[in-house]
Amino acid sequence: MSLLIKNGRIITAAKDYIADVFIDKEKITLIDTALNSTADRIIDAKNKYVIPGGVDVHTHLDMPLGEITSSDDFETGTRAAAFGGTTTIIDYATQTRETSMRAALDSWFKKAEGKAVIDYGFHIIITHLQSENSDEIGEMIKEGVTSFKLFMAYPNSLMVDDEIILKVMRRSAEFGGLVCIHAEDGLAIEKIVKKTLTEGKTIPIYHALTRPTTAERDAVVRAIELSQRANTPVYIVHVSSNDALEQIAIARGSGIKVFAETCPQYLFLSLDDMNVPGFDGAKFVLTPPLREKWNQEKLWDGLRKDTLQIVSTDHCPFNYKHQKEIGLNDFTKIPNGGPGIENRIHLIYQGGVNEGRISLNRWVKITSTAPAKMFGLFPRKGTIAVGSDADIIIWDPEKEHVISAKTHHMNVDYSLYEGMMIKGDADIVISRGDVIVEDGKFYGKPGRGNYLKRGTYV
Ligand code: DUC
Ligand code: ZN
Ligand code: ZN
């Protein structure tokens with residue numbers, strides 16, 4: 001199967017030009033003006049943008065949490081991602097306290113197999129090391145799992161101490177791996193939570209009020225210090241506040257290799273969204289929590305100045321009915337996380353490009369190119385170039401739609417962005433040469449997504 005995309009405006013992280021793109025099977029094989037090659041299908045992309053498929057490096061599909069599981073599996077979640085123009089994800093395989101990294105990885109391979117409709121890779125969430133001289137990290141890196149997440153929050157479940165963080169950083173550095181940190185001071189938060197519960201405060205907004213920005217800031221500082229001791233870069237996931245951002249900016253300003261992502265929820269939503277009657281605030285129980293609104297503009301500024309390099313989703317959906325409701329009488333029991341895998345590219349286009357905060361090139365860079373580079377997928381993913389996988393969005397900058405749970409494709413019963421109008425939409429989404437979404441219809445097959453053995457970070 002060959003495809004010829006004619007007359008489109010090709011936008012990459014660095015370039016913006018009109019040309020034709022020829023795709024042979026799964027790869028881009030030619031880019032030039034006025035290509036006359038014959039192809040099985042010709043797509044006219046006049047007045048449209050031709051951009052690389054999105055790369056979302058932070059998702060939690062089919063993720064167990066106590067008795068429940070995040071509501072999108074690899075089929076529904078990756079299909080929703082495709083509708084939103086994302087053609088690659090990196091999902092977090094979670095090691096339990098009882099099992100090895102190998103077991104976590106094998107379990108996530110099974111979850112994805114036969115289901116994923118776009119390409120996928122994995123990070124591992126490490127909760128413990130099997131033994132002092134464990135070679136598990138080296139083994140994972142050989143399998144193409146080249147990044148690891150460690151939690152500084154959630155004592156008694158996911159949290160690891162500084163000794164483990166240091167060990168993982170050192171071991172991973174030997175192989176060129178990248179350590180990703182959930183930076184919140186779990187012990188400080190635990191004390192505030194206990195006090196808040198004894199005062200009888202149980203409604204959803206207390207989830208946010210018990211996790212102050214100072215807890216995020218202090219953990220960021222500690223994570224950076226540990227990475228300096230281990231002499232390795234560090235990647236801070238889901239940065240939510242200006243307090244944390246400032247510390248990253250200071251460190252980067254002094255030449256330290258600290259990288260960071262934020263997520264649309266911290267750019268568009270705030271504590272005000274939780275301040276609603278009844279239990280509805282539970283929809284917005286995310287960790288780190290939503291912050292005071294003024295933080296949003298600081299985070300956009302961080303994206304502009306490259307203090308933040310990437311926008312991922314932290315897609316971790318739980319239905320309001322029966323799942324979020326587990327915490328009806330106690331905010332600590334509300335499952336943490338929200339949906340977003342389908343909305344990322346649209347939201348960053350609307351808030352970033354349409355509202356004049358970032359350029360088209362920067363939009364492509366932070367949603368596709370930078371994540372592909374950071375996590376060892378570039379130039380196979382994250383750009384439009386000869387030799388790259390033909391993962392392409394044909395984007396109509398004029399097409400409008402309103403985000404709603406009634407029309408989204410994520411398997412979850414609410415939207416964080418209900419009613420938000422977006423100008424700009426994907427007409428066609430191509431994954432390794434296959435048109436998988438066109439005019440709002442899905443053409444991909446479950447299982448067509450390939451596992452991506454990743455390289456180390458660039
Ligand atoms: N951290 C995540 O990355 N996702 C969901 C909840 C959390 O604490
Ligand atoms: Zn986290
Ligand atoms: Zn996450």
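How near do the axes of H7 and H8 come, and at what angle do they cross? They come within 7 Å and cross at roughly 25 degrees. Axes here are lines fitted to C-alpha atoms, for helices over the stretch in contact; angles run from 0 to 180 degrees between N-to-C directions.

This is a predicted model: local features need pLDDT of at least 70, side-chain atom pairs count only at pLDDT 80 or more, and totals for chains, interfaces and linings use all residues. Side-chain values use heavy atoms, without hydrogens and water, residues are numbered from 1 along each chain as its sequence is written, and chains are lettered from A and ligands numbered from 1 in the order written.

**Helix packing**

Helices (H or I, at least four residues) and strands (E, at least two) are DSSP runs, numbered from the N terminus.

| Pair | Axes come within | Crossing angle |
|---|---|---|
| H7 and H8 | 7 Å | roughly 25 degrees |
| H4 and H7 | 9 Å | roughly 45 degrees |

Angles under 35 degrees count as roughly parallel, over 145 as roughly antiparallel, 65 to 115 as roughly perpendicular and the rest as oblique. H7 and H8 are therefore roughly parallel. H4 and H7 are therefore oblique.

Contact means heavy atoms within 4.5 Å. In H7, residues including Val220, Val221 and Ile224 meet H8 residues, among them Ala244, Ile248 and Ala251. From H4, Ile165, Leu166 and Met169 are among the residues that meet H7, where the partners include Ala223 and Leu226.

**Helix H8**

H8 covers residues 242–253. Buried means under 20% relative accessible area, exposed over 50%, partly exposed in between (1.4 Å probe, protein chains only). Asn242, Ala244, Leu245, Ile248 and Ala251 are the buried residues of H8. Their cover includes helix H7, strands S13 and S14, and helix H10. Gly255 follows H8 with a positive phi, near 90 degrees.

**Zinc site**

Donors are N, O and S atoms within 2.8 Å of the metal (3.2 Å for Na, K and Ca); water is not among the atoms, so sites may look incomplete. The zinc ion (ligand 2) has three protein donors: Lys149 (NZ), His182 (ND1) and His238 (NE2), at 2.1 to 2.4 Å. Their spacing along the chain is K-x32-H-x55-H. Lys149 lies in strand S11 and His182 in strand S12, so the pair ties together parts 33 residues apart in sequence. Both Lys149 and His182 are buried. The zinc ion (ligand 3) is 4.2 Å from the zinc ion (ligand 2).

Notes: The expected span of a helix is 1.5 Å times one less than its number of residues.
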